[in-house]
Amino acid sequence: MGGKPAGEEAYGKPVKHDPSFRGPIKSRGCTDVICCVLFLLFLLGYAALGVVAWAYGDPRQVLYPRNSTGAYCGMGANKDKPYLLYFNIFSCVLATNIIAVAEHGLQCPTPQVCVSSCPAALWVVSQGELSLTVGEVFYAANRTVCRPGVPWDMPVLQSLEQDLCPSFLLPSTPALGRCVPYPNSTQFEFPGIPGNTSINQGISGLLDSFSARDISVKIFEDLAQSWYLILVALGVALVLSLLFLLLLRLVAGPLVLVLILGVLGVLAYGIYHCWKEYQVLRDRGASITQLGFTTNLSAYRSVQETWLAALILLAVLEGLLLLMLIFLRQRIRIAIALLKEASKAVGQMMSTMFYPLVTFVLLLICIAYWAMTALYLATSGQPQYVFWAPNTSFPSCEAVPVNASCDPMAQPTNSSCPGLMCVFQGYLSTGLVQRSLFNLQIYGVLGLFWTLNWVLALGQCVLAGAFASFYWAFHKPRDIPTFPLGAAFLRTLRYHTGSLAFGALILMLVQIARVILEYIDHKLRVAQNPVARCIMCCFKCCLWCLEKFIKFLNRNAYIMIAIYGKNFCVSARDAFMLLMRNVVRVVVLDKVTDLLLLFGKLLVVGGVGVLSFFLFTGRLGLGQDLESRPLNYYWLPIMIAVLGAHVVASGFFSVFGMCVDTLFLCFLEDLERNDGSAARPYFMSKALLQILGKKNAAPPAGKGKKP
């Protein structure tokens, strides 16, 4: 008495037999109600955040350029003038950051007007045109580049002095709605511009950011030409994934054996290669004592001790794998039988294979809502306009209230100052929403992480409920519910929203901690010494391991919730104890499943990649358009097809992985609940019974009949 519990009792007592248990319990109550209420209140606040952002935000400032008065080009009165023209691009000091250019383009100290098209040729006001009128020089020549309201009869010289019309036009191309001049090394003499200033210098750093425009046009053309072939490749990926999963019931055993032998072969070749390299370096006498300590890691390849250590490590791994094959062969057979059973379950409930589409749509909604809310919040505030003059040292500009607020629709109070303008400065940050902008953005990020994790948890719990109903059906497929996936979905939403929110909240806190740590590491990377870097790396590694463990624990907790309808903490404890009582089986099944699914992904993605290469290079003769007009960048649709195939395969195989995990937990409970007698028969398949050397005594009376 009082002694330490031994064996399985250290991780709880085995599950007792319950004669009324028939799979996922239907008579259940709501779990984790407090967390459910908190989650719903949080969602209400998240929705209110979206309403506030929509009411105060103005995302047009990053979607449309603005002229000097703050009016948007391409909207309202400027609907037919979608492009922004800078009078003097040489006076602009623009950052190379695209977002900064989009948000703060009007802070360039030169007049800007909306135009219907960018200038196509170079033009400079000549000396003879200075005495003419604006109408004769600009309007008659269809140069609608002056500021709105400039009269026809105004002298050109006066319009130039007041910066109402540009003194020159450069051949430009639209980029992000702005007329950006073409790079040109030729020197031109412009009014008021030094003779040694080139166009390249005037737009230094800006054109480099926009140089990808021609590439983007070609990419769009390639996608428009090859989109149907991309869909064909994705369809092939879908078919291959389905065939691989459905054929596992026939080839799971041989396939696992081939994969294990392949791993043994790779390790054996690694041992042989390390031995040959070690022999060569040993004969040369290359030792680590001659090399000493160095930060050049590639130098260690030329010493014999490196290859000897690699040889020993690979030999140990080879020996461990051989010992596992010898002593754990029974558990490997069980893992293979469970994989076959999972393939049968997927075949019986094909609707589960397409549930990832529901998860994908929900995830897309969460991400889109957060992105739009963040954009609207970032652009909240009222526009602010201030007076600006190119040179306040003029006597007529001394009384000008530079940087004072002004009305862009009104005339300047001191029109005698050359170039005096009311320009857009930015958005006010004095309102309640603007003062709380950082906190609101943080709330939005928390909402993004919590909702994403909740959607993923919902998918896992729903699939677990469907597959558990398959396992606990005594006579398959007769005892399987009619709509197992739909019933599991409604049951999960009705009773376990709070439990899913609880698990998602725990995972969210760890993920937020990782994001904060990455942010701190990024900010302090320059000032860190090697010791601080090592400590930071250890912290990041610990949080990564913690996140992986919580994901593993949550996944199995959701399976227990789907079966028994208990709260999150109890379900997580029961799942963990059950797995710890069968830890060797857990490791074997996990590694065999990972190896098999990795091979399946490589098969699907590799097959689609090879097919895409022949499709998009026109070698199969299926795309007549591609043969007559080859793609500019054939590698781009290949990459899209390969990435899409990976997404498709991951979606299908995630369902299969959830099925294997669910059936495995049910299998472990089946072993503890039942003993094969007439009163306590096993629910597992005949193949598993044969591997375990067990059998059911006789079908019990009434077992298998639908209630």
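Q: How do the residues of the lining of the largest pocket divide into nonpolar, polar and charged?
A: This is a predicted model, in which local features need pLDDT of at least 70, side-chain atom pairs count only at pLDDT 80 or more, and totals for chains, interfaces and linings use all residues. Residues are numbered from 1 along each chain as its sequence is written, and side-chain values use heavy atoms, without hydrogens and water. Ala, Val, Leu, Ile, Met, Phe, Trp, Tyr, Cys and Pro count as nonpolar, Asp, Glu, Lys and Arg as charged, and the others, Gly among them, as polar. On this basis the lining of the largest pocket holds 27 nonpolar, 13 polar and eight charged residues.

Q: What is the volume of the largest pocket?
A: On a 1 Å grid over the protein atoms alone, a pocket is an open set of points with protein on both sides within 12 Å along at least five of seven lines, whereas a cavity is a set where a 1.4 Å probe fits but cannot get out; lining residues have an atom within 4 Å of a point. Points are joined across faces, edges and corners, and a volume is the space filled by probe spheres set on them. The largest pocket is lined by 48 residues, and its volume is about 1,700 Å³.

Q: Which helix gives the most residues to the lining of the largest pocket?
A: Nearest the centre of this pocket lie Gln-460, Arg-555, Ser-650, Ser-654 and Val-655. The elements that give two or more residues to its lining are helices H13 (355-378), H15 (437-471), H17 (497-523), H18 (530-564), H20 (583-616) and H22 (635-673); helices (H or I, at least four residues) and strands (E, at least two) are DSSP runs, numbered from the N terminus. With 13 residues, the element that gives the most is H22.

Q: How many residues in the lining of the largest cavity are charged?
A: The whole structure has three cavities of 30 Å³ or more, and the largest has a volume of about 90 Å³. Strands E1 (83-86), E4 (168-169) and E6 (178-181) are the elements that give two or more residues to its lining, which includes Tyr-86, Phe-168 and Cys-179. Of the lining residues, ten are nonpolar, one is polar, and the number of charged ones is none.

Q: How many charged residues line the second largest cavity?
A: The second largest cavity has a volume of about 60 Å³. Ten residues line it, and the closest to its centre are His-17, Asp-18, Phe-21, Asn-674 and Phe-683. Its lining divides into four nonpolar and two polar residues, while the charged residues number four.

Q: How far apart are the C-alpha atoms of Ala-488 and Pro-24?
A: Ala-488 belongs to helix H16 (residues 484-495). It is buried, with a relative accessible area of 0%; buried means under 20%, exposed over 50%, and partly exposed in between (1.4 Å probe, protein chains only). Although Ala-488 and Pro-24 are 464 residues apart along the chain, their C-alpha atoms are separated by 8.9 Å.

Q: Is Asp-32 buried or exposed?
A: Asp-32 sits in the segment before helix H1 (33-56). Its phi is near 50 degrees, a positive value in a residue other than glycine. Because its relative accessibility is 18%, Asp-32 counts as buried.

Q: What is the relative accessible area of Asn-142?
A: Asn-142 occupies the loop between helix H4 (134-139) and helix H5 (156-161). Here too a residue other than glycine has a positive phi, near 60 degrees. Asn-142 is exposed, and its relative accessible area is 64%.
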